[in-house]
Amino acid sequence: MGEITEWVFFFLIFPGMLFAVFVGLAMSWVDRKVTALVQWRKGPPVSQPLWDVIKLLGKEVIVPAQSWAAGFLALPFVAFSAVAVAGTFVWMAATGFGAPPLGDLIVVLYLLTVPTLAVILGGAASGNPLGAVGASRDMKLLLAYELPFVIALLVAVFQERVVDEATIHAGTLSLSGIVEFQQTAGSIIARPSGFLAFLVAIFCAHAKLGFVPFDLAEAECEIGEGALLEYSGAALGLFKLTQTVLLATMPVLLVTVFWGGMGPGFWGVLAFVGKIVLILVLFVLIKNTNPRVRIDQAMRFFWGPMTIVALLALLLAQLGL
Amino acid sequence: MAEATTSPSLFLKALKKSPWVFHVGTSGCNNCDIEIADCLTPRFDVERFGVKLVGSPRHADVMLITGPVSQACRAPLQQAWLEMPRPRAAVMVGACACSMGAYKDAYSVAGPPDKVLREVDPDARCVYVPGCPPKPETIVMGIVKLLGAL
């Protein structure tokens with residue numbers, strides 16, 4: 001019983017749903033504020049993302065007449081719960097709070113694809129032709145970035161390093177194992193293979209978050225937010241919360257896998273927060289300085305240069321670089 | 001707008017803090033549309049008040065309407081209005097949207113937007129922002145007045 005209540009606490013309060021939602025809201029404020037500063041505007045107040053969500057949760061939910069109503073309403077919950085669980089595992093490994101199960105890297109990879117699948121199904125279930133276009137683009141984008149993303153994360157798994165004349169292998173699919181390896185052997189990002197893999201992972205995470213230039217599945221000025229077009233009120237609010245929690249998860253996943261997670265003490269926490277904010281601002285700057293690409297350009301980018309660089313990084317990691 | 005008065009006060013406050021707008025041009029001359037775009041620029045920056053331009057009426061709280069409603073635009077405007085989730089409100093931007101302007105009694109128009117909306121939704125809440133075109137300050141003030149009246 002004690003273990004069950006502990007896990008319920010992990011999933012629902014810290015570092016799961018509640019914590020991740022508030023961190024994500026703060027991070028989406030950073031996103032909007034930095035965007036505003038780049039465009040020489042003043043930007044919204046800190047509380048803005050929270051008000052948006054409260055408003056959406058209180059509005060009327062309309063189910064389109066031509067939609068598959070049960071799926072249309074259930075999928076936001078599927079997306080949100082999947083990403084909340086993924087966020088819990090990533091934050092547990094990053095902060096060393098509690099013990100995530102073995103092989104959680106695979107679980108996280110799977111769970112992080114669920115929100116995209118839910119958006120695809122939701123777009124298809126809405127019965128809207130533009131929703132179908134958005135869903136098909138989302139599907140192609142998922143196929144495109146998943147391959148280099150998995151290879152880039154494998155680079156961290158295959159790391160080995162000589163410390164005190166003994167070779168240490170990361171050799172683990174556990175996120176906390178990778179963090180532990182980096183505590184004895186230094187950050188993975190400091191090595192050539194790790195750095196290349198980190199670059200690839202940045203772009204893949206960017207596409208996963210659906211930011212410009214890879215926002216072609218939403219493309220509000222072209223296909224009117226794509227798969228989310230027909231969603232309103234609380235259902236839309238849940239999808240927005242899903243994106244929020246995803247925003248609170250992806251930079252932390254990158255920091256955990258490539259940049260050593262959270263160190264001990266006050267300075268460790270400060271450095272951890274600094275790394276996350278640095279990656280977030282990098283995302284926002286990429287987002288604000290690039291125009292949207294077409295779906296064929298996105299697929300060529302991820303299956304071409306990105307996959308080649310990721311494979312090169314994997315080769316370097318095997319050579320012990 | 002019965003929902004707005006019966007909703008809890010937290011929701012009402014949130015609604016005032018984040019009005020998402022959907023912009024509909026009902027065959028005007030495009031001048032008011034340009035002034036609406038001006039509201040988003042650094043000088044006016046309506047995102048300070050949480051105003052966001054959205055791409056679907058399903059996501060919107062406020063509909064900005066410019067121009068007189070032509071016969072061809074009448075049904076799409078009514079449909080877009082009914083697609084908006086409650087509580088919802090409309091802002092008529094410009095002289096044509098308020099009172100038909102130069103298009104009064106023209107053969108090709110179906111009437112001013114507020115009249116067209118009230119054909120399908122008698123309770124439609126409308127705010128009027130006159131001018132040809134209205135200044136961005138005027139549009140921002142119209143939205144602020146609307147939020148105060150909610």
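## Confidence

Reply: Gladly. Chain A has a mean pLDDT of 86, with 99% of its residues at 70 or more. This is a predicted model, and the predictor gives the complex an ipTM of 0.84 and a pTM of 0.88.

Me: Where in chain A is confidence lowest, and where is it highest?

Reply: The lowest mean, 72, belongs to strand β2 (residues 166–169) of chain A, and the highest, 91, to helix α11 (residues 295–318) of chain A.

Me: How do you know which part of chain B to read with care?

Reply: Chain B averages a pLDDT of 85, and 95% of its residues score at least 70. Over residues 1–6 of chain B, however, pLDDT stays under 50, and the model has nine contacts beyond four places in sequence for that stretch.

Me: Why is A:E160 called partly exposed?

Reply: Exposed needs 12 or fewer neighbours and buried needs 20 or more. A:E160 has 15 C-beta neighbours inside 10 Å, so it counts as partly exposed. This residue is found in strand β1 (residues 160–163) of chain A. Leaving aside neighbours within four places in sequence, A:E160 is in contact with A:T167, A:I168, A:H169, A:A170 and A:G320.

Me: Why can one speak of one face of α4(B)?

Reply: In helix α4 (residues 71–83) of chain B, the residues B:C73, B:L77, B:A80 and B:W81 are buried. Seen down the axis of α4(B), these buried residues fall within an arc of 100°, so they line one face of the helix. On the other side of α4(B), B:Q71 and B:Q79 are exposed. The cover over the buried residues of α4(B) includes β1 (20–25), β3 (62–66), β4 (69–70) and α6 (113–120) of chain B.

## Cores and packing

Me: Which residues have the most contacts inside the largest nonpolar core?

Reply: They are A:V90, A:A152, A:A197, A:A201, A:L254 and A:F258, in a core of 98 residues. α9(A) gives the most to this core, with 16 residues. Take A:A197: beyond its neighbours within four places in sequence, A:A197 is in contact with A:A152, A:V155, A:A156, A:F258, A:A310 and A:A313. A second, separate core has 39 residues, B:F22, B:I36, B:L64 and B:L117 among them.

Me: How do you know that α3(A) and α9(A) come together, and at what angle do their axes cross?

Reply: Their axes come within 6 Å and cross at roughly 145°. A:V53, A:L56 and A:L57 of α3(A) make the contact with A:G233, A:A234, A:L236, A:G237, A:K240 and A:L241 of α9(A). By class, the residues of this contact are six nonpolar, two polar and one charged.

## Between the chains

Me: What makes up the contact between the chains?

Reply: Chain A gives 26 residues and chain B gives 20 residues. On the side of chain A that touches chain B, α3 (48–58) and α9 (233–258) of chain A each supply at least two residues. The largest share of that side, six residues, comes from α3(A). By class, that side has 10 nonpolar, seven polar and nine charged residues.

## Cis bonds

Me: Which peptide bonds are cis, taking B:P87 and B:P133 in turn?

Reply: The bond from B:R86 to B:P87 is cis, with omega near -10°, and B:P87 sits in the loop between α4 and β5 (89–93) of chain B. The bond from B:C132 to B:P133 is cis, with omega near -10°, and B:P133 is in the loop between β7 (126–129) and α7 (136–149) of chain B.

Key: Residues numbered from 1 in each chain as written. Chains lettered and ligands numbered in written order. Predicted model: local features only at pLDDT ≥ 70, side-chain atom pairs only at ≥ 80, totals over all residues. Contact = placed C-beta atoms within 7 Å. Helix = DSSP H or I, 4+ residues; strand = E, 2+ residues; numbered from the N terminus. Nonpolar A, V, L, I, M, F, W, Y, C, P; charged D, E, K, R; others polar. pLDDT = per-residue confidence, 0-100. Arc of directions from axis to C-beta. Core = buried A, V, L, I, M, F, W, Y, C linked by C-beta atoms within 7 Å. Axes fitted to C-alpha atoms, helices over the stretch in contact; angles between N-to-C directions.
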